[in-house]
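Student: I have a new structure open and would like to learn how to read it. Could you walk me through it, feature by feature?

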Amino acid sequence: MKGIVMNILADMVEQQFGMSEWNEILSEIDAAGAYTAAVLYEDQELLDLVGVISRRQSIPVEDLIFAFGEFMFPAFYERYPELIDAEAHLLPLLASIDSVIHVEVNKLYPGAVTPVFEEEWRSDSALLLKYRSKRNLCRLAEGLISGAAKHFDTTYELEHEPCLHRGADHCGLLVTLR
Ligand code: HEM
């Protein structure tokens, strides 16, 4: 994972639990602590950080990853507003992750490993995203979708079927506007 992801995790922990808590978390996994946005770190390091936060704060890992995704969307918006302002509504924005947003991310952060999102319009108000990644971070995707919906002040329902965690070859994330 690129250091920018760790930077945003640090911001979330510092805002919610304080700077000293983040330093304690870093010392538990013997991390150097100063993550550089463009450097690629081992995925395991992020998972170790999440595991320590989950234990110390008694938040189930899957809930924590979702909350991290929700926090991440406005954090990306602060850094790259033009990528998100290109679309005025939730579903077209989600439909542009693979073909626009993550393409730009890969230019900004050469060597980034972004997931694959294949989109399938079911109707004007329903979009199926097929998520594929060896990282199996579908809860992060769900949190990012929730963050994006808040950004556009939109309510939606999500059906998550099938799921990589249950042996499927992709996660189906069907987003239907309410
Ligand atoms: C709702 C919209 C979005 C969704 C659902 C989404 C989903 C994801 C997911 C699930 C990952 C984790 C990697 C993996 O699963 O393999 C990821 C990585 C990433 N995404 Fe997105 N993303 C969204 C929007 C954005 C935006 C707006 C930006 C920045 C402008 C962005 C930048 C990144 C970056 C930098 C990474 C890390 C890549 C790496 O560390 O190598 N994403 N995205």
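Tutor: Happy to! Keep in mind that this is a predicted model. Let's begin with the inside: the largest nonpolar core has 41 residues, and those touching the most other members are Leu9, Leu94, Ala141, Ile145, Ala148 and Val175.

Student: How far apart are the C-alpha centres of domain 1 and domain 2?

Tutor: They lie 23 Å apart. Six residues from domain 1 and four residues from domain 2 make the contact. On the side of domain 1 that touches domain 2, H1 supplies the largest share, with three residues. Sorted by class, that side of domain 1 holds four nonpolar residues, two charged ones and no polar ones.

Student: Which residues of H1 are buried?

Tutor: They are Ile4, Val5, Met6, Ile8, Leu9, Ala10 and Val13. You have met Leu9 already, among the core residues that touch the most other members. The cover over the buried residues of H1 includes helix H2 (19-28), helix H3 (43-57) and helix H4 (61-79).

Student: What follows H1?

Tutor: Gly18 does, and its phi is positive, near 100 degrees.

Student: How should I read backbone angles in other residues?

Tutor: Most residues other than glycine have a negative phi, and most peptide bonds are trans. Asp30 sits in the loop between H2 and H3.

Student: Is Asp30 buried or exposed?

Tutor: Exposed, because 8 other C-beta atoms lie within 10 Å of Asp30, and a residue counts as exposed with 12 or fewer. Asp153 is another case to look at: its phi is near 55 degrees, a positive value in a residue other than glycine. You will find Asp153 in the loop between H8 and S3, and Asp153 is exposed, with 7 other C-beta atoms within 10 Å.

Student: And the peptide bonds? Which residues does a cis peptide bond join?

Tutor: Glu161 and Pro162, with omega about -5 degrees. Pro162 is in the loop between strand S3 (156-160) and strand S4 (171-177).

Student: Let's finish with the ligand. How many residues surround it?

Tutor: The shell has 26 residues, and the closest are Lys2, Ala112, Pro115, Ser133 and Leu144. Helix H1 (3-17), helix H5 (81-85), helix H7 (97-108) and helix H8 (138-151) are the elements that give two or more residues to this shell.

Student: Which helix gives the largest share, and how do the shell residues divide by class?

Tutor: H8 gives the largest share, five residues. By class, the shell has 21 nonpolar, three polar and two charged residues.

Terms used:
Residues are numbered from 1 along each chain as its sequence is written. This is a predicted model: local features need pLDDT of at least 70, side-chain atom pairs count only at pLDDT 80 or more; totals for chains, interfaces and linings use all residues. A residue is near a molecule or strand if its C-beta atom, placed from the backbone, lies within 6 Å of it. Helices (H or I, at least four residues) and strands (E, at least two) are DSSP runs, numbered from the N terminus. Ala, Val, Leu, Ile, Met, Phe, Trp, Tyr, Cys and Pro count as nonpolar, Asp, Glu, Lys and Arg as charged, and the others, Gly among them, as polar. Domain bounds come from an automatic or database domain assignment. Two residues are in contact if their C-beta atoms, placed from the backbone, lie within 7 Å. A nonpolar core is a set of buried Ala, Val, Leu, Ile, Met, Phe, Trp, Tyr and Cys residues joined through C-beta atoms within 7 Å. A residue is buried if 20 or more other C-beta atoms lie within 10 Å of its own, exposed if 12 or fewer, and partly exposed in between; C-beta atoms are placed from the backbone.
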